[in-house]
Amino acid sequence: MRIVVTRRIPEEGLALLRRIGTVEVYTHDKIIPRAELLKRIHGANAALTLLTEKVDAEFFEAAGSSLKIVANYAVGFDNIDIREANKHGVVITNTPGVLTEAVAEHTLALMFAVARRVVESDAFMRTGQYTHWLPLGFLGQSLWGKTLGIIGLGRIGTWVAEAAHRGLNMQILYHDSGRSDELEMKLNAEYHELDVLLRKSDIVTLHVPLTDETQHLIGERELSKMKPTAILINTARGPVVDEQALYHSLHERKIFGAGLDVFEHEPKLYHGLEKLPNVVLTPHIASATNEARQAMAEIAARNIIEVLAGRPPLNPIKSES
């Protein structure tokens, strides 16, 4: 079997794949060029891809009939054309579950960093500006007892809700496609329509997939409904937020701050966003723990092993009609 891996991943996953065939890894620490990707995928039996790779009709045509599976090294799969995969009889898988805690922890980390102005004060120290204690310096916000609005109540959103409620005594509001009687009973959480959640929340955190419905889910109109003291956190997908609208909202101090791990035109930022002191930016590292990334590599590899052995995958992506 010939397996193409489009970026270096933890060795645990590669070792599993080497047991069943030849593994070709693009070892450069950058996005594989499109032409190189299409050349490598030709005649391959399996591909292990990242969100940075566009897996579309051209990709499947270049691969040919030998390709049986594309295992995405991520929970999301908005980089993959599922309909085209179906046409070519290629199985698509992802890596759900194993990065829940890591992403949820990073969500909380961003909440604290923005609320307590950690990055601003760190820069203040590093540039030698700290000469005496400042009774009014870097005043931030307490998270204890505040209202957290969660948009998207999947695994990660639920984990964030439980941690925030039990650890920080936060009131939980949520908006999702369905109600969660369990969460409402366990945490006294409240379901609200989006506009109401935005208006009532002190912190709003996003945990939705990228779809046609969630593209620019948070734009100028939605930001205008948030409190001037509110914080927006996005560890989901960049295009869920209209970055230009967010820039103006932050620049004009219409909301207190934001924490972003994903970006609308990743890896590019909306011009000027990087200069704002009231936004914390991290380079898509919410799942970047040794434990999570190793588990992702192993799950992606096991999906490939199962499919190439003629067995059902562990984490199939449901077909789109």
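This short talk walks through some side-chain pairs, backbone features and contacts in the structure above.

First, the ground rules. This is a predicted model, in which local features need pLDDT of at least 70, side-chain atom pairs count only at pLDDT 80 or more, and totals for chains, interfaces and linings use all residues. Residues are numbered from 1 along each chain as its sequence is written, and side-chain values use heavy atoms, with hydrogens and water left out.

Let's start with the rings. The structure holds four aromatic pairs. Rings of Phe, Tyr and Trp (its six-membered ring) pair if their centres lie within 6.5 Å; planes under 30 degrees apart are stacked, over 60 edge-to-face, and the rest tilted.

Take Tyr-174 and Tyr-191. Their ring centres are 5.5 Å apart and the planes sit at 70°, so this pair is edge-to-face. Tyr-174 is in strand E7 (residues 171-175) and Tyr-191 in strand E8 (residues 190-191), so the pair ties together parts 17 residues apart in sequence. Strands here are DSSP runs of E with at least two residues, helices are runs of H or I with at least four, and both are numbered from the N terminus. Is Tyr-174 buried or exposed? Buried, at a relative accessible area of 0%. The cut-offs: buried is under 20% relative accessible area, exposed is over 50%, partly exposed is in between, with a 1.4 Å probe and protein chains only.

Next pair: Tyr-247 and Tyr-270. The centres are 5.4 Å apart with planes at 50°, so we call the pair tilted. Tyr-247 belongs to helix H11 (residues 243-251), and Tyr-270 to the loop between strand E11 (257-260) and strand E12 (279-281), so parts 23 residues apart in sequence are tied together. Tyr-247 is buried at 15%. Tyr-270 is partly exposed at 25%.

The peptide bond from Glu-266 to Pro-267 is cis, with omega near 10°.

Arg-117 is not a glycine, yet has a positive phi of about 55°. Look for Arg-117 in the loop between helix H5 (100-115) and H6. Its relative accessible area is 22%, partly exposed. Asn-188 also has a positive phi, near 55°, and is not a glycine either. Asn-188 sits in the loop between helix H8 (181-187) and E8, and is exposed at 58%.

His-192 is buried, at 14% relative accessibility. What does the side chain of His-192 make with the side chain of Glu-190? A polar contact, at 2.9 Å. That term means a pair of N or O atoms within 3.5 Å; within protein, one must be able to donate a hydrogen and the other to accept it, and residues adjacent in sequence count only if both atoms are side-chain atoms. Not counting residues up to four places away in sequence, His-192 touches Leu-173, Tyr-174, His-175, Leu-197 and Lys-200. Contact means heavy atoms within 4.5 Å.

Now Thr-235. Find this residue in the loop between strand E10 (231-234) and H11. Thr-235 is buried, at 9%. Leaving aside neighbours within four places in sequence, the contacts of Thr-235 include Leu-110, Leu-206, Asp-261 and Ala-286.

On to charge. How many salt bridges does a search of the whole structure find? The search finds 17. The criterion is a side-chain nitrogen of Lys or Arg within 4 Å of a carboxyl oxygen of Asp or Glu.

One of them joins Lys-87 and Glu-84, at 3.3 Å, N to O. They are three residues apart in helix H4 (residues 82-87), separated by about one helical turn. Lys-87 is exposed at 64%, whereas Glu-84 is buried at 14%.

Another joins Asp-122 and Arg-126, at 2.6 Å, N to O. Both lie in helix H6, four residues apart, about one turn. Asp-122 is partly exposed at 35%, and Arg-126 is exposed at 68%.

Glu-306 and Arg-311 also meet in a salt bridge, at 2.8 Å, N to O. Arg-311 is partly exposed at 41%.
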